[in-house]
Amino acid sequence: MKIEQGQSALLTGGGSGIGRALAVALAGRGVRLSILDLDIVQGEKTVRLVEEEHAKISYKPSNSPSAIAIRCDVANSDELAAAYARHQDVFGRLHICINNAGVFSTKVFYEDKSWRKMIDVNLTAVIESTSIAIQAMKEHGGLILNIASSAAFMPIELFPVYCSSKAGVAMFTRSLAHLGMGIRVNAICPEFVNTPLLVSLPPSLKDYLKENLGYVEMEKVITAAISALDDESMTGECLWVQTHRPTQIWPDEETKGKQKVFKKDGTPFSTLSN
Ligand SMILES: NC(=O)c1ccc[n+]([C@@H]2O[C@H](COP(=O)([O-])OP(=O)(O)OC[C@H]3O[C@@H](n4cnc5c(N)ncnc54)[C@H](O)[C@@H]3O)[C@@H](O)[C@H]2O)c1
């Protein structure tokens with residue numbers, strides 16, 4: 001499966017940043033959306049943007065709205081399940097799930113317990129959302145895209161828990177490469193993107209980013225996300241979206257060749273080297 005006009009997507013954290021930009025890009029392809037966010041006002045704004053995109057391509061869904069906003073804390077199991085149920089009621093079927101909602105903190109984890117929230121939102125909710133999406137997609141197939149981060153494979157001393165949560169998402173995604181049921185699960189792993197998520201970065205790191213590393217262009221992030229959804233050969237991959245180099249699959253083929261991948265019955269895939 002790949003993106004087609006008339007499909008419906010459930011997108012978490014769609015009220016801002018990467019999520020909003022993805023909603024607009026999918027709307028430009030005629031996809032209808034449920035925008036889940038803690039912030040319903042921002043979610044509603046994204047809904048308006050989706051409607052505008054549909055109007056631009058003269059797409060008018062016949063038996064559903066273009067998009068709906070659902071106030072949902074993805075870390076709350078009941079709210080997440082209710083949001084999926086609402087999506088099915090309004091759109092009839094789920095074709096695409098995008099696990100994008102994320103939180104970030106530079107508070108020192110051994111001094112402040114708020115790190116648990118990062119694991120709950122960035123990792124646990126992604127696993128829970130994916131499990132609900134698979135149940136909804138198992139008859140007809142579907143597309144799942146997780147928004148991880150390059151922090152998944154680059155140790156950053158300032159935010160070890162964020163790195164851990166994203167490493168979890170990347171490995172979860174890779175481990176689902178052979179899920180089957182016509183469902184493809186992939187992830188994108190962008191470097192720093194200039195969004196409200198980064199407000200809590202220390203000024204010294206902000207200055208470094210501004211003067212040295214820079215930010216990944218949002219357009220590049222969206223191109224990677226859309227390619228993962230569209231490329232029917234891509235499954236269980238993590239796309240590393242870099243600021244100064246082309247997007248590439250991580251890890252590279254040579255590294256992958258050295259890793260064993262075990263099938264559900266416990267035997268290694270025969271295509272891999274010993
Ligand atoms: N900005 C970056 O540098 C960067 C880089 C790599 C990956 N990412 C990842 O991209 C994703 C989107 O980040 P962004 O930069 O667009 O951030 P953002 O802060 O602009 O948007 C995140 C959205 O998620 C929502 N959200 C937060 N907690 C939620 C919850 N519990 N339930 C529902 N919604 C919730 C927020 O309200 C917000 O609308 C995140 O997973 C983030 O970790 C960001």
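Predicted model: local features only at pLDDT ≥ 70, side-chain atom pairs only at ≥ 80, totals over all residues.
Which residues are buried in helix 7?

## Helix 7

In helix 7, the buried residues are Val221, Ala224, Ala225, Ala228 and Leu229. They lie on the same side of helix 7, because they cover an arc of only 135° around the axis. An α-helix has 3.6 residues a turn, so residues three or four places apart point the same way.

Helix 7 spans residues 218-230, 13 residues in total. From its first C-alpha to its last, helix 7 reaches 18 Å, close to the 18 Å expected at 1.5 Å a residue. The buried residues of helix 7 pack against helix 1, strand 4 (96-99), strand 5 (142-147), strand 6 (183-190) and strand 7 (238-241).

## Strand 2

Strand 2 is largely enclosed by the rest of the structure, because six of its six residues are buried. Arg32, Ser34 and Leu36 point one way from the strand, whereas Leu33, Ile35 and Asp37 point the other way. In a regular strand the side chains alternate between the two faces of the sheet.

Strand 1 (residues 8-12) runs parallel to strand 2, and five bridges join the two. Within this pairing, Ala9 stands opposite Leu33 in strand 2.

## The shell around the ligand

There are 30 residues around the ligand, of which Gly13, Gly17, Gly102, Thr195 and Leu197 come nearest. The shell divides into 16 nonpolar, eleven polar and three charged residues.

Helix 1 (17-27) and strand 2 (32-37) each supply at least two residues of this shell. Helix 1 gives the largest share, three residues.

Definitions and conventions. Residues numbered from 1 in each chain as written. Near = placed C-beta within 6 Å. Helix = DSSP H or I, 4+ residues; strand = E, 2+ residues; numbered from the N terminus. Nonpolar A, V, L, I, M, F, W, Y, C, P; charged D, E, K, R; others polar. Expected span 1.5 Å × (residues − 1). Buried ≥ 20, exposed ≤ 12 C-beta atoms within 10 Å, placed from the backbone. Arc of directions from axis to C-beta. Contact = placed C-beta atoms within 7 Å. Pairing = 2+ DSSP bridges.
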